[in-house]
Amino acid sequence: MLSSPPVTRAAGPPPPPPPKPEKPNSQAAAEPPNGHDTPVSSRIPDEEQVVMTPLGKTNTATVLLVERKLIEAVGERTHVAGGDHRGIIINKTAEEPSGRQRDPAQLSLEFRVFLVSANTGQHSQESRRIKFWFRPWVTSDDVQAQVAQEFFRELVSPKEFPRDYVGFIKKIMKLLQKGYNEIQAVEIELRILEQTSAPPSRPLSFEDEQFEVLPLTPEKILELIEQAYPNPITPDDLAKDHGWEEEEVMAIMLVLKERGLIKSMEYNSYTRIHHDDQAIKIVKQMPTIASNKQPTIAIISAQYCEKLAVDAMLENKETFVRYTTVGASPDKPLGIDTERTRRRKNRFGESNVYTLGNIGAHRIVSTKLPSVGSTREAMTAAGNTTTRLLGTFQKVDHVFIVGVAGGIPHYTDYRRHVRLGDVVIATAAATATSAAAAQDVGGAPQKPYCYVYSGQSEVKRYYPLDDGLQAIARTLAHNDDGKRPWVRYVQEGLQQLGGGEPHGTAAANHHQHDFARPAPNTDKLYMNIGNRNVIEVAHPVATAAPDDPDGGDGTDGAPATRLHAGPIGSGHELVRSDSARTEYAQAFSLLATDVEMNSVLDSIVGNCRESFILVKGIADYKDGTTSRKWQNYASLAAAAVMKTIVCAMDAPTNV
């Protein structure tokens, strides 16, 4: 359940020791050098101090208060630190109970670490809760949340994460000593939660995966075939790309074929069997479509589950697939010895899948990119697919990019916290919170942007000339009327997609995974603290009134799908580095990051489409592709929000 660093400690939580005092200089007892321990109770510091006071201790918990104070005198049971620690005072005894009532904390957060006892070798899980009180002049909720977020990030930074009690408490005091003047006090509660015989498992980071060979399993092969859809793929391609044996890949493909999940094509290729496979029309060219049935809205998805979710929102559907072939002519007679050569030379090129249908008064065409990613081939294919789509359906005025993304968590502010199952709609940031977001390098005002791409040598910003879709999105995200039509669309989509059928049924085989929302306890928020270790951070809790329609709780007590409006970003290096992604998100006020969609947006802009929008369901905390657990539901939630936006649009006038 828990993923965090091994920290060596003694059995049971000891009282937090102060910074180790140095022996006083006997020749200068009246004024000890560097302000070390002194029994003289009349010492009067001449400035505000950072004071740590124990509040309580039990067998399983320790509570401490660190606050800023103007100290008039110090007693014998007080340690006054000096040197680099000047300005810190440690009370060695617990605070005496008093009649004064402490105001409730203005913010709190919790994270959990995994501890290893130095004496017994036992493992235990510990909660560390931090409560914040701010200066009287810091009244803005946004400022309080931002300060607490920055304080927490610095406290657990990978370069110097405190591995024991002493280091943890000491770092909190040092942070207050050196800065964060907005914070008046913090209370720290350290509580042992449970003991286990072995460390809990944790999710692999991107860095871990670089050193591991992808497992050759039917699930992985099916995932790769779905990613390539509508392009058929060969066992040889998969084996070369992932270091597998072609014969082993072929054996798994035959198993998937027997299960009715894939089908064989020409040139030793295989492709996914679509859930409406019998109704799919294979064409060499798209048939002529009457003017009044021409689609005016195009929906682009990148993954197979995204395409299924989008199509579940359409009525009166019909799907066309156009395959292309590259290589030698298949009609040329070849001997047996050259048959294998022909299979390798003849292959499928970039294929296209188009599903036509209706949402309300609007005609829709949906398609799936054959591949996505940071490689030149993937970007070229994505751009070509988009250009071909807009060339084939020339009455398309509005383009939606619908699918999954990674959420940008906010550890202290529920309103800005994006978590699994939420949906982010790409709009301009509500306020420019950084110099990078507000202006260009030369200082000129920066135009609004809803999507940012960070390449190797450039940062590209995108925003439509016609931002009518963004206006609708902001209205939905504010949810002023309390209506949530997307909730109904999710339920209707689940009925169409058959989420939840028993394993072994035809419907379950077609989908392979349930589209229902995963259990809340599968939404774990981890933070990298270096050395391939992570801590688990608790999600911030809503403080809205119970009757607030966006209060965050569903009818079953699970978090509801919330809508967020703000910029989305991408860039290959962002997935590799948690710290780079965090800095990038802060610089551009991002709410989510996804796989590179810049070539798709370049094609949309290059083909003079003035209205476009991205609608992304949150499937992980990176780019939406690193875990499959939430992908199906996140895709369905994004498709439902897309349908909500389409239903709020004016009826088309150009058909």
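Two strands are taken to pair if DSSP finds at least two bridges between them, where strands (E, at least two residues) and helices (H or I, at least four) are DSSP runs numbered from the N terminus. The structure is a predicted model, in which local features need pLDDT of at least 70 and side-chain atom pairs count only at pLDDT 80 or more, whereas totals for chains, interfaces and linings use all residues. Residues are numbered from 1 along each chain as its sequence is written, and side-chain values use heavy atoms, with hydrogens and water left out.

Strand 12 (residues 297–301) pairs with strand 17 (residues 362–368) in the parallel sense over 5 bridges, with T367 of strand 17 as the bridge partner of I300. Strand 12 also runs parallel to strand 18, to which 4 bridges join it, and A298 stands opposite V399 there. I297, I299 and S301 point one way from strand 12 while A298 and I300 point the other way, and all are buried (under 20% relative accessible area; exposed is over 50%, partly exposed in between; 1.4 Å probe, protein chains only).

G403 lies in strand 18 (residues 398–407) and is buried, with a relative accessible area of 1%. Leaving aside neighbours within four places in sequence, G403 is in contact (heavy atoms within 4.5 Å) with E306, V615, K616, G617, A634 and A638.

Helix 17 (residues 631–647) reaches 24 Å from its first C-alpha to its last, close to the 24 Å expected at 1.5 Å a residue, the expected span being 1.5 Å times one less than the number of residues. Because 16 of its 17 residues are buried, helix 17 is largely enclosed by the rest of the structure.
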